[in-house]
Amino acid sequence: AVTKGLSPDAPMRDSGVEWIGEIPEHWSCSKINHYAVVTNGSTPSRDVSRYWSEGTIPWVASGKVNDYVITTPSECVTEQALRECSIRLYPKGTVLIGIVGQGKTRGTSALLQIEAAINQNVAGIIPNQKLCSEFLHRYLVQAYQFIRNQGKGSNQEALNCEIVGAFKICIPPVREQKEIVKYLDEIENELNKLVKLALYEAFKEER
């Protein structure tokens with residue numbers, strides 16, 4: 001759905017992106033940084049207690065991208081940390097992507113559903129008005145292996161904001177993006193109901 005659209009009758013054209021192939025003729029294809037701002041965060045010094053003690057500002061570590069949708073922080077930092085350190089608050093709707101690590105985290109993306117700061121091992125993608133956050137998230141989930149393989153480094157494979165920003169994305173108009181997201185949400189809800197029913201039936205049989 002996020003690479004071919006919902007209409008089987010739509011005229012198609014070559015996207016110029018090898019892993020995608022053809023896309024609907026009216027879709028646009030360009031780099032992420034043409035539709036979004038991509039930056040990463042930092043971690044206030046653990047040696048300075050005033051940055052962490054009784055903090056109230058959500059702060060997200062890289063492992064949280066495995067939550068798929070982030071509704072709670074890893075920890076909280078203080079107002080002083082926000083003023084004195086190289087951190088910023090990312091708005092709700094930012095798409096986060098892990099940029100460091102050998103495990104699953106590198107290349108994994110999540111949708112931020114709270115306002116929060118992030119650490120240096122996460123890239124925050126803030127879309128403009130032409131790109132729906134939920135659509136971007138779904139696209140990056142689909143593109144996981146391809147964006148993960150962009151990582152380079154002498155000590156460990158890693159992504160960075162430049163690599164993430166240069167990653168190609170093919171998108172329909174915003175209205176169509178929202179229709180695709182709604183369609184996928186409906187399918188996921190139905191699948192979740194079926195999984196719960198199957199687990200319930202299995203539990204009954206075991207008893």
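**View 1. Overview of the predicted model.** The structure shown is a predicted model. The protein contains five helices and twelve strands. Its C-alpha trace spans about 60 × 55 × 35 Å along the principal axes. Of its 207 residues, 43% count as buried. The accessible surface amounts to about 11,400 Å², and carbon and sulfur atoms account for 49% of this area. Among contacts between residues at least 6 apart in sequence, 67% join residues at least 24 apart. The 23 positive and 24 negative charges have mean positions that lie 3 Å apart.

**View 2. The largest nonpolar core and the surroundings of Tyr139.** This core comprises 33 residues, and those with the most contacts inside it are Ile32, Ile125, Phe135, Tyr139, Leu140 and Ile169. Two or more residues each are given to the core by the strands β4 (36-40), β8 (95-98), β11 (122-127) and β12 (168-171), and by the helices α2 (133-142), α4 (161-166) and α5 (174-206). The largest share, four residues, comes from α2. Tyr139, when its neighbours within four places in sequence are left aside, is in contact with Val2, Thr3, Trp19, Ile20, Phe167, Lys168, Ile169 and Cys170. In soluble globular proteins, nonpolar side chains tend to be buried together.

**View 3. Cysteine residues in a structure without disulfides.** The structure holds zero disulfides. Cys132 takes part in no disulfide, and the nearest cysteine sulfur, that of Cys170, is 16 Å away. Cys132 counts as buried because its relative accessibility is 10%, under the 20% limit. Cys29, in turn, is partly exposed, with a relative accessible area of 26%.

**View 4. Two loop residues with positive phi.** Glu54 is found in the loop between β4 and β5 (57-60). Its phi is near 55 degrees, a positive value in a residue other than glycine. Glu54 is exposed because its relative accessible area is 76%, over the 50% limit. Tyr68 is placed in the loop between β5 and β6 (69-70). Although Tyr68 is not a glycine, its phi is positive, at about 75 degrees.

Note on methods. Residues are numbered from 1 along each chain as its sequence is written. This is a predicted model: local features need pLDDT of at least 70, side-chain atom pairs count only at pLDDT 80 or more; totals for chains, interfaces and linings use all residues. Side-chain values use heavy atoms; hydrogens and water are left out. A nonpolar core is a set of buried Ala, Val, Leu, Ile, Met, Phe, Trp, Tyr and Cys residues joined through side-chain atoms within 4.5 Å. Buried means under 20% relative accessible area, exposed over 50%, partly exposed in between (1.4 Å probe, protein chains only). Contact means heavy atoms within 4.5 Å. Accessible areas come from the Shrake-Rupley method with a 1.4 Å probe; for residues, only the protein chains shown count as cover. Lys and Arg count as positive and Asp and Glu as negative; His and the chain ends are not counted. The place of a charge is taken as NZ of Lys, CZ of Arg, CG of Asp or CD of Glu. A disulfide is a pair of cysteine sulfur atoms within 2.5 Å.
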